[in-house]
Amino acid sequence: MPARTTVIIGGCIVAYQEGRHRILENGVAAYRGSDIIHVGSEWQGEADATIDASGKLVCPGFISTHCHAVSHAGDRLVIDGGRRDFLRTGFLNYAPRRSEGGPGFSAADDPAASHRFGFATLLKGGVTTFVQLDGGPLDEGATILRVAGESGMRLYYSPVYSGGSYSFDANGTLVNSKDEALGIEGLKSAAKFIERNDGGFGGRLRGILVLDELFNASPRLLAETKSVARTLGTRITLHASEQLFEFHDILRRTGKTPVGWMGAEGFLGEDVILGHCVYVSGHSFTGYPFAGDLEILAGSGSCVAHAPVALSRRGVALESFQRYLDHGIKLSIGTDSYPLDIIGEMRAASIICKIADANNEAAQARDVFNAATLGGADALGRSDLGRICKGAKADFTIIDMDSLDIGPVKDPIRALIHSGSRDLVDTVIVDGTTLVEGGKLRMWNEKDVLSAARAGTERVWQKFEKYHWSGKPVEKVFPESFDSWEE
């Protein structure tokens, strides 16, 4: 049976021409099966279906290169607080378990419900492709595979592995334990997962090696990760230069910054996506004013996955998106923490950079939009994603611009970045299949997704005192904004 031909008409299309995005008013984009077959001012052929995009902005599907697609039971606790000795790092406030053993923080959660919630919120926000840095070791990725298959999204994933762990002793002191052997075994398991599953779901599932973080990596683990990636032909991603004490610890141990150390070890390259990469030479928090890191990054071809919202909640900013861009560093956008809103991440990237640089011309709307589309595609080595042109994959995010939130529109990209929201996403198409229509998910009941996620996170919070080293309930460790009403 021949593939169906669908034509999107009447909208303002962010089309790709001669190497860059261009605005095509009242344009036409036609796709057959999973591929775009025509983009232009008109369509002369026949169509099996038509999507009327009048009053809407037709964008390439957004790409998140750094995502934890879960319900974020921990991140929802640490806003406005956390231990000061962690120097703004958020996850250390809740993630490490007790040194003497016991359940992990999320042991009481429902993994399927948590991931389904994460996938759903990404999709409703217009993300069609994402890199997942969460989950897998306990069930070899089975849960995420099941949810990915249900969702219809494009996913880059393999079970995360690490060369160390964190725990709390009985006095609440943070203990960091290195375990190179554990990391090597995790790498082997991830490689086997990729060998079994890469190309699954009609090509929508692709493998990527997910090394949890640079701070717990040894030179051997870095080298073997690089070697396995070359053998498999996959990319690598990890959290790097995310923690301030990581910067100083690696500097003391190696005499080099984290970026300088990765460069010296031969780890950087076009196949590497660096999550955050905030603390580099010249950042005001490091006390290390010397140049070099940005030049190393630019020369290596590595991509930085910029996810500004999570770190801004900890009082941290990239310094800066524009400085990285001006150095020629590849930039993409991530959705690191709830609400997994890539439009909000683009807005934050622009505004935070303008403040950090005290420059209203910095991090322009076009540049953060490029990062969330073309930048993400470049990070993944995909010339068929992040753009609307003949031969690209039929991934679209269609946004309703007839809204009081948007108002009058002179420049649709600036209007989207600075006035738009995830609530205006009307239609999301992945690989030629419509997954969101009229702002509603087609594969899941949204109320059921929300209810299950809430139930799982509530169980995590209720069991917090049995998990946490202090033995205190969650309300004592993370006080709420206002006290409860008293009769």
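**View 1. Glutamate 465 and its contacts.** Apart from neighbours up to four places away in sequence, glutamate 465 is in contact with Arg98, Gly471, Lys472 and Pro473. As in every view here, what you see comes from a predicted model. Glutamate 465 sits in helix H14, which covers residues 464-467. With a relative accessible area of 38%, glutamate 465 is partly exposed.

**View 2. Leucine 155 in strand E9.** Here the focus moves to leucine 155, which belongs to strand E9 (residues 154-156). Leucine 155 counts as buried, at 1% relative accessibility. Which residues does leucine 155 touch, not counting those up to four places away in sequence? They are Phe119, Phe130, Gln132, Ile144, Ala148, Arg204, Leu205 and Arg206. Glycine 141 is 14 residues from leucine 155 in sequence, and the C-alpha atoms of the two are 12 Å apart.

**View 3. Threonine 434 in strand E20.** Threonine 434 has its place in strand E20, made of residues 433-437. Its relative accessibility is 18%, and threonine 434 counts as buried because the cut-off for buried is under 20%. Setting aside neighbours within four places in sequence, threonine 434 is in contact with Tyr31, Thr427, Val428, Ile429 and Arg442.

**View 4. Helices H3 and H4, side by side.** Helix H3 (residues 180-197) and helix H4 (residues 219-232) have axes that come within 10 Å and cross at roughly 10°. The two helices, H3 and H4, are therefore roughly parallel to each other. On the H3 side, the contact is made by Glu180, Gly183, Ile184, Leu187, Ala191, Ile194 and Glu195. H4 contributes Arg220, Leu221, Glu224, Thr225, Val228 and Leu232. Sorted by class, the residues of this contact between H3 and H4 are seven nonpolar, two polar and four charged.

**View 5. Helix H10 against helix H11.** How do H10 (residues 342-357) and H11 (residues 365-379) pack, and at what angle? The angle is about 140°, with the axes of H10 and H11 9 Å apart. That makes H10 oblique to H11. The crossing of H10 past H11 is right-handed. From H10, the residues in the contact are Ile342, Met346, Ala349 and Ser350, and from H11 they are Val368, Phe369 and Ala372. The contact of H10 with H11 has six nonpolar residues, one polar residue and no charged ones.

**View 6. Helix H11 against helix H12.** Helix H11 also packs with helix H12 (residues 412-419), at an angle of about 80° and with the axes 9 Å apart. H11 and H12 are therefore roughly perpendicular to each other. In this contact, H11 brings Ala365, Arg366, Val368 and Phe369, while H12 brings Ile413, Arg414, Leu416 and Ile417. Six residues of the contact of H11 with H12 are nonpolar, none are polar and two are charged.

View 7. A cis peptide bond joins tyrosine 338 to proline 339, with omega about 10°. Leucine 340 lies in the loop between E17 and H10 too. Phi of leucine 340 is near 55°, a positive value in a residue other than glycine. Is leucine 340 buried or exposed? Leucine 340 is buried, with a relative accessible area of 2%.

View 8. The loop between helix H8 (308-312) and helix H9 (321-326) holds serine 320. Glutamate 319 and serine 320 are joined by a cis peptide bond, with omega about -10°. The other loop, between strand E14 (235-240) and helix H5 (244-254), is where serine 241 is found. Serine 241 is a residue other than glycine with a positive phi, near 50°. At 0% relative accessibility, serine 241 counts as buried.

View 9. A disulfide is a covalent bond between the sulfur atoms of two cysteines. This structure holds zero disulfides. Cysteine 12 is buried, with a relative accessible area of 10%. Cysteine 389 is in no disulfide either, and the nearest cysteine sulfur, again that of cysteine 59, is 15 Å away. Cysteine 389 counts as buried at 16% relative accessibility.

Definitions and conventions: Residues are numbered from 1 along each chain as its sequence is written. This is a predicted model: local features need pLDDT of at least 70, side-chain atom pairs count only at pLDDT 80 or more; totals for chains, interfaces and linings use all residues. Side-chain values use heavy atoms; hydrogens and water are left out. Axes are lines fitted to C-alpha atoms, for helices over the stretch in contact, and angles run from 0 to 180 degrees between N-to-C directions. Helices (H or I, at least four residues) and strands (E, at least two) are DSSP runs, numbered from the N terminus. Angles under 35 degrees count as roughly parallel, over 145 as roughly antiparallel, 65 to 115 as roughly perpendicular and the rest as oblique. A crossing is left-handed if the near helix is turned anticlockwise from the far one by less than a right angle, and right-handed if clockwise. Contact means heavy atoms within 4.5 Å. Ala, Val, Leu, Ile, Met, Phe, Trp, Tyr, Cys and Pro count as nonpolar, Asp, Glu, Lys and Arg as charged, and the others, Gly among them, as polar. A disulfide is a pair of cysteine sulfur atoms within 2.5 Å. Buried means under 20% relative accessible area, exposed over 50%, partly exposed in between (1.4 Å probe, protein chains only).
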